[in-house]
Amino acid sequence: MMHSAILSGHYLPNDTPIHRLNPRAKIISFFTLLAVVIITRSTVGYTALGLLLLSLAHLSKTGPRIVFSGIRRVGLFLLLIFLMNALFFNGDRPLWEYAFFHISVGGIAQGANVALKVIFLMALSSILMTTTTPMEITDTFAWLLSPLQRLRIPVHDFALMISIAIQFIPVLAEESETIIKAQTARAAKLDSPKLREKANALLPLVLPIFISAFRRADELALAMEARGFRGGKFRTRKSSPGFTRLDFAALTISIAFCAAAVILHR
Amino acid sequence: MDIIEAKNLFYTYEGEASQRYSLEGIDFRMKAGEFVVLLGQNGSGKSTLAKHFNGLLPLQQGNLYIAGLDVRDPANLWDIRRKCGMVFQNPDNQFISSVIEEDIAFGLENYDFPPEQIAAEVHKALALVGMAGFEKKSPHMLSGGQKQRVALAGVLAISPEIIIFDESTAMLDIQGRQEILQTIQQLHQAEHKSIIHITHRMEEAVLADRIDLMKAGRIVASGPPRRILADLPLLTSANLLPPLPVRLYEDLRNAGIHLAECPLTIHELTEQLCRLS
Amino acid sequence: MSIVVENVSYRYAAGTPLESAALKQISFTIQPGEFIGILGHTGCGKSTLIQLIAGVLTPATGRILLDGKDINQRDFKREYLRKKVGIVFQFPEQQLFEMTVERDVSFGPRQLGLPPSEVQARTRQAIQSVGLDYETVRDLSPLTLSGGEKRRAAIAGILAMEPEILILDEPIAGLDPVTRKDFMAFIRRLHQEGKTILMVSHDIDELSAFSSRLLVLDHGELILDNTPEKIFADKARLSELRLGVSQPKEIVDSLREKGIDLPSDIFRYEPLLTALINRFGGQNE
């Protein structure tokens with residue numbers, strides 16, 4: 001139970017302008033800002049983006065703690081990205097070189113660039129996830145993909161399937177942990193240095209987790225059917241309310257940022 | 001007219017090597033508003049039978065009518081599932097959203113409820129199970145009993161007449177079990193729902209209007225708890241154990257101490273013993 | 001083989017905003033041959049405690065000593081711990097993974113690096129001791145067994161490692177009544193054969209039927225540690241903890257309130273029956 005909250009950037013009910021945004025406007029803005037994060041390279045760009053994200057975190061009452069807890073989990077990964085770039089990237093203004101190590105101002109800047117992108121991406125996603133319910137996200141994705149419906153692709157079922165799968169991650173993670181502990185107690189060697197043994201050691205973990213995932217999927221499918229679910233049918237959803245001034249403001253700001261980023265980094 | 005009428009049901013799971021019947025000639029009738037416990041050891045066919053009542057398993061042989069609707073007719077399937085809801089065993093495997101109100105809305109959306117009514121229906125269903133105010137919470141953060149009550153609210157939202165609890169208390173702790181049993185009794189008494197509760201716990205069976213005892217795909221006995229639970233040879237033959245007061249009653253009788261009537265609860269037992277002295 | 005739990009604390013989700021205390025300053029000693037029941041509501045920390053004792057979790061502070069040696073010291077052999085302390089998790093059938101029952105049960109002994117003849121002998125013995133027929137089930141896939149049989153097979157996998165201390169987390173949850181009864185009889189037999197048993201449950205009747213000592217946990221703290229007689233004597237304390245007493249004890253208390261004189265320290269079925277026969281026997285003649 002404890003883990004689920006930490007694992008998923010979980011929806012936090014609140015009444016803030018960000019929560020009130022129309023999910024469609026919110027998700028389009030999200031993708032626009034995602035593009036900004038990818039385009040940005042300069043200090044000015046990152047500063048502006050950083051300030052925007054801080055004000056969004058504040059506005060949505062997500063708070064730095066939750067944004068930070070997500071980043072902390074990938075801390076080691078970030079450090080690794082930074083070091084890889086800083087140590088090996090052959091950039092301008094070299095400071096120190098030895099064999100295949102190159103430390104340069106350009107390399108450090110490159111490392112910082114990539115690490116910042118990851119941090120900003122995570123912050124942006126956790127703001128979206130904490131302010132938007134799973135079904136809002138599902139429906140918006142189905143809406144965005146709806147042109148595919150003409151190709152007879154069951155877009156809504158697909159979006160629902162992905163959404164449910166994501167929600168089962170915490171449950172499965174908790175279960176995996178129990179199975180790891182149970183097999184450890186049966187003297188399973190999970191930290192063997194030999195590759196062959198390592199592969200063998202995974203079997204006692206992977207098989208039970210798979211079996212359990214299939215059993216759960218089976219039960220869930222029954223439960224959904226029992227509640228009248230019919231695949232291939234667009235279910236009635238709260239019809240998406242029209243865009244308000246707030247939605248236009250959000251779209252305008254994110255598109256403006258995107259345009260500025262494109263011009264700045266041309 | 002009975003709300004459930006089953007006649008001569010046979011069922012066998014595909015691919016089962018022995019081709020053993022999981023249901024073997026089941027006749028089952030239930031009046032609207034009745035509270036029936038299906039009692040029996042694991043594998044006796046309780047769940048298989050119940051999954052016929054909402055069309056989760058196809059009818060292979062026999063006749064079955066739910067609120068007058070013929071289960072054999074595929075056109076009736078969605079109406080039958082609307083009349084007959086089911087709460088499952090594992091509370092974790094029933095949620096389709098990590099926000100409770102969205103999960104409860106799932107059934108309503110499947111049955112094309114007008115979107116503007118949905119919030120009110122969700123609230124009503126949560127209030128019925130004593131979980132009002134949890135609309136925006138995540139089911140993953142709740143206790144086992146609370147999770148099952150939310151799952152029940154998801155079923156209640158579409159106002160079924162029959163609710164089946166398929167071992168819904170089996171994975172809960174004592175507290176969670178009490179919560180669900182209280183909710184069941186309240187639905188039965190105040191909302192006049194027809195209840196089918198599947199269990200192998202005697203203290204839960206005591207609460208029913210009627211117990212149907214299953215063994216190897218057949219209903220071997222059907223009657224009020226007082227008759228079924230006090231019948232030691234019958235319970236033993238179905239591989240079940242009597243409630244503790246019944247066991248004590250029998251053991252005392254074998255020692256030459258005769259109580260006037262077989263008690264089902266501890267309260268009845270102590271009353272009887274007091275009368276002895 | 002004794003285990004000393006010394007000032008042990010544990011925290012959930014350490015290092016995140018949701019960090020919270022799971023166990024606070026727990027101390028007690030397990031003597032060889034004891035049958036200890038651990039009681040408490042969901043989330044009280046009882047599962048965490050046994051996992052710490054089995055060495056699959058590491059305490060935040062405090063020590064767990066197996067025959068005087070700290071099991072979390074770097075130089076402590078993990079394999080020694082695995083041989084001495086076995087743990088059966090809740091729903092242990094979920095850990096089955098091999099193609100045959102024999103392969104699955106022998107997994108632990110093989111991991112311990114025992115010679116093949118020893119592995120085979122232990123596997124056979126473990127499968128038979130849980131009441132399955134070795135020749136019938138050895139080549140079956142564990143997935144084809146019934147629910148109760150799967151659980152037996154999973155427990156055989158632990159017993160094949162021949163632990164001296166056996167820890168069980170809700171071992172009979174979800175089983176039907178007759179299987180439950182057989183299982184409890186089986187666990188009692190293991191105890192009589194000399195194993196130390198540590199059993200977690202939220203069902204006070206199951207626990208008090210065999211335990212010689214009960215530990216009651218509440219909100220991560222060890223609140224009570226005593227014989228069932230002593231613990232059941234303080235009903236007010238128990239109801240404060242939202243816990244009841246065993247059914248036989250409830251019957252005795254209720255009768256005593258009604259003025260029927262029975263010994264107040266009865267909490268199991270057989271002594272209750274004897275006392276009632278002594279009290280009421282002969283009246284009907």
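What you see is a predicted model, in which local features need pLDDT of at least 70 and side-chain atom pairs count only at pLDDT 80 or more, while totals for chains, interfaces and linings use all residues. Residues are numbered from 1 along each chain as its sequence is written, and chains are lettered from A and ligands numbered from 1 in the order in which they are written.

The C-alpha atoms of chain C occupy a box of roughly 65 × 50 × 35 Å along the principal axes, and its secondary structure consists of 13 helices and 10 strands (DSSP runs, H or I of at least four residues for helices and E of at least two for strands, numbered from the N terminus). Of its residues, 43% are buried, that is, have 20 or more other C-beta atoms, placed from the backbone, within 10 Å of their own.

Turning to the interfaces, 22 residues of chain A are in contact with 23 residues of chain C, where contact means C-beta atoms, placed from the backbone, within 7 Å. On the chain A side, H9(A) gives the most, with seven residues. Chain A also meets chain B, through 30 residues of chain A and 33 of chain B, and there H3(B) gives the most to the chain B side, with five residues.

Key:
A residue is buried if 20 or more other C-beta atoms lie within 10 Å of its own, exposed if 12 or fewer, and partly exposed in between; C-beta atoms are placed from the backbone. Two residues are in contact if their C-beta atoms, placed from the backbone, lie within 7 Å.
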